Amino acid sequence: MPVEKGPICGILCDMEVHNAKVSDAKAICSLINYYAEHDKMLFRSLAEIYENLQTFLVAEQEGKTIGCCALEVIWADLAEIKSLAIDSENRGKGIGTALVTAALEQARYLGIPQVFALTLEPRFFERVGFTVTRKEDLPMKVWSDCAKCPKQSECDEVAMIRRLGDDVSQSGEIPVQRSLWG
Ligand SMILES: CC(C)(COP(=O)(O)OP(=O)(O)OC[C@H]1O[C@@H](n2cnc3c(N)ncnc32)[C@H](O)[C@@H]1OP(=O)(O)O)[C@@H](O)C(=O)NCCC(=O)NCCS
């Protein structure tokens, strides 16, 4: 099922969003760790990327992986968008929006009604339909990554949530395997 056409069509018509493959793992790791070095994300090892590969979507252009995003199921009614990173030269072109849109499609397909993110970029998440929520309202299981985070009690991330509600798909179609823009 193709993701909705968005405003980037015309700028990046040859960009594809698809489920990650083994061949994307090293690029995913580099994208995430580039931002981890700039204190914007948590470091991920290549082993962690392989272990969680099925949760990842990637944006690809001319054979290059230029963005990634993971959707992790937390519980029956909740999933998390994690590890969203766009190649620094390709930011601001709608790729983050395309990846989040595809992750929300995955959540709908899975029948999950709410998706949240813990982020330092709340304005971006507002642009893609999320609203601020109280961290205390998220379940304990969400905080497993905090043990690995150097900030710990100094946490400056904002919790954002998007309720899919009646949008949740009952179709049973596989949502994102290969979505061509343009
Ligand atoms: C944040 C990030 C994922 C956004 O992806 P992107 O591809 O650059 O964003 P898009 O081009 O899809 O932007 C969509 C909208 O959000 C806005 N936006 C994007 N980043 C923004 C920011 N940091 N602050 C305010 N608005 C922002 C854009 O202006 C655009 O607005 P528009 O709809 O009015 O045109 C990307 O910049 C990134 O990888 N940042 C570094 C890693 C990071 O912080 N990841 C988030 C971890 S949760």
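**Helix H1**

I began with the buried residues of H1, and in this predicted model they are Ala-25, Ile-28, Cys-29, Leu-31 and Ile-32. I checked where they point: they cover an arc of only 165° around the axis, so they sit on the same side of H1. Turning to the other side of H1, I found Lys-26 and Glu-37 exposed.

Next I asked what covers the buried residues of H1. The cover includes helix H2 (46–51), S2, S3 and S4.

I also looked at the length of H1. The helix takes in residues 25–37, 13 residues, and spans 18 Å from first C-alpha to last, close to the 18 Å expected at 1.5 Å a residue. After H1 comes Asp-39, where I noted a positive phi near 65°.

I followed the strands next. S2 (residues 56–61) and S3 (residues 64–75) run antiparallel and are joined by six bridges. Phe-56 faces Ala-70 in S3. In the hairpin of S2 and S3 there are two residues between the strands, and Glu-62 has a positive phi near 50°.

S3 also pairs with S4, again antiparallel, over seven bridges. Here I found Gly-67 opposite Ile-86 in S4. S3 and S4 make a hairpin too, with two residues between them.

**Around the ligand**

Last, I listed the 20 residues around the ligand; Arg-91, Gly-96, Thr-97, Arg-123 and Arg-127 come nearest. Strand S4 (78–86), helix H3 (95–110), strand S5 (114–119) and helix H4 (122–127) each give two or more residues to this shell. By type, I noted nine nonpolar, five polar and six charged residues in the shell.

Technical notes. Residues are numbered from 1 along each chain as its sequence is written. This is a predicted model: local features need pLDDT of at least 70, side-chain atom pairs count only at pLDDT 80 or more; totals for chains, interfaces and linings use all residues. A residue is near a molecule or strand if its C-beta atom, placed from the backbone, lies within 6 Å of it. Helices (H or I, at least four residues) and strands (E, at least two) are DSSP runs, numbered from the N terminus. Ala, Val, Leu, Ile, Met, Phe, Trp, Tyr, Cys and Pro count as nonpolar, Asp, Glu, Lys and Arg as charged, and the others, Gly among them, as polar. Two strands pair if DSSP finds at least two bridges between them. The expected span of a helix is 1.5 Å times one less than its number of residues. A residue is buried if 20 or more other C-beta atoms lie within 10 Å of its own, exposed if 12 or fewer, and partly exposed in between; C-beta atoms are placed from the backbone. The arc is that of the directions from the helix axis to the C-beta atoms. Two residues are in contact if their C-beta atoms, placed from the backbone, lie within 7 Å.
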